[in-house]
Amino acid sequence: MGAVPAAMIGDQDAARWPYQSHLELGAISSAVPSARLHARLVLWEWGLPADKAEAAELVVSELVTNALEHGSAGIPATVRIWLSSDGGSIAINVWDASPRPPVPKDTSADADSGRGLMIVAAVSTDWGWAAADPGKVVWAVIDEKEGQLD
């Protein structure tokens with residue numbers, strides 16, 4: 001995992017990331033399809049290629065699912081999503097209330113779950129996380145040359 005991307009929350013570099021969107025959702029199961037639809041529509045509005053938008057939708061879906069499963073720390077909370085783009089690359093940031101770092105699992109081929117971060121790593125150019133007060137942000141970047149789903 002590399003350094004936190006320039007599109008990390010709080011970055012005001014509008015010259016680098018002129019396209020930005022933010023969405024806050026309740027930490028409930030319907031947040032996943034809502035976040036995915038939001039990503040699809042925003043990336044379409046920004047004119048990004050369909051294959052890159054599909055990759056970003058998948059990353060958003062996996063990160064929001066993880067935030068719901070591991071991020072509420074047992075309290076009612078929200079999940080926050082930031083999308084940023086320079087017209088080619090996409091930065092995705094997902095915040096949740098838990099300070100616990102995301103941990104990729106070593107899952108067997110027949111496991112029903114646990115592949116979310118492996119999928120994020122496979123589809124993204126880079127990903128990582130950063131502590132936030134409170135909680136954490138898990139981020140992923142899909143560069144202009146990446147994000148092709150096979």
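Strand 2 and strand 3 pair in the antiparallel sense, over six bridges. This is a predicted model. Leu83 stands opposite Ile92 in strand 3. The hairpin of these two strands has four residues between them. There, Gly87 takes a positive phi near 95 degrees.

**The sheet**

Strand 2 also pairs with strand 1. That pairing is antiparallel too, and it runs over eight bridges. Gln20 stands opposite Ser84 in strand 2.

**The nonpolar core**

In soluble globular proteins, nonpolar side chains tend to be buried together. Here, the largest nonpolar core has 31 residues. Those with the most contacts inside this core are Val59, Leu63, Val64, Ile81, Leu83, Ile92 and Val94.

Which elements give two or more residues to the core? From the sheet come strand 1, strand 2, strand 3 (90-96) and strand 5 (136-142). The helices are helix 1, helix 2 and helix 3 (116-123). Helix 2 gives the most, with eight residues.

Take Leu63 as an example. Leaving aside neighbours within four places in sequence, Leu63 is in contact with Ile92, Val94, Leu117, Val120, Val138 and Ala140. Two of these partners, Ile92 and Val94, are also listed among the core residues with the most contacts.

**Salt bridges**

Side chains of opposite charge can pair when their charged atoms come close. The structure holds four salt bridges.

| Pair | N to O distance |
|---|---|
| Arg80 and Glu24 | 3.4 Å |
| Glu57 and Arg36 | 3.4 Å |
| Glu57 and Arg40 | 3.0 Å |

Begin with Arg80 and Glu24, which form a salt bridge. The pair links distant parts of the chain, 56 residues apart. Arg80 sits in strand 2 (residues 78-85), and Glu24 sits in strand 1 (residues 19-26). Arg80 is partly exposed, with a relative accessible area of 26%. Glu24 is partly exposed as well, at 40%.

Now turn to the helices. Glu57 forms a salt bridge with Arg36. This pair links helix 2 to helix 1 (residues 31-45), across 21 residues of sequence. The side chains of Glu57 and Arg40 also meet in a salt bridge. Here too, helix 2 is linked to helix 1, with the two residues 17 apart. Salt bridges that share partners join Arg36, Arg40 and Glu57 into one network.

Is Glu57 buried or exposed? Glu57 counts as buried because its relative accessibility is 5%, and the cut-off for buried is under 20%. Its two partners are partly exposed: Arg36 has a relative accessible area of 28%, and Arg40 stands at 41%.

**Along helix 2**

Helix 2 covers residues 50-70. Ala50 lies in this helix. Ala50 is exposed because its relative accessible area is 53%, and exposed means over 50%. Arg40 is ten residues away from Ala50 in sequence. In space, the two are 9.0 Å apart, C-alpha to C-alpha.

Ser61 lies in helix 2 as well. Ser61 counts as buried, at 11% relative accessibility. What does Ser61 touch, not counting residues up to four places away in sequence? Its contacts are Val32 and Arg36. Arg36 is also one of the salt-bridge partners of Glu57.

Note on methods. Residues are numbered from 1 along each chain as its sequence is written. This is a predicted model: local features need pLDDT of at least 70, side-chain atom pairs count only at pLDDT 80 or more; totals for chains, interfaces and linings use all residues. Side-chain values use heavy atoms; hydrogens and water are left out. Buried means under 20% relative accessible area, exposed over 50%, partly exposed in between (1.4 Å probe, protein chains only). Contact means heavy atoms within 4.5 Å. A nonpolar core is a set of buried Ala, Val, Leu, Ile, Met, Phe, Trp, Tyr and Cys residues joined through side-chain atoms within 4.5 Å. Two strands pair if DSSP finds at least two bridges between them.
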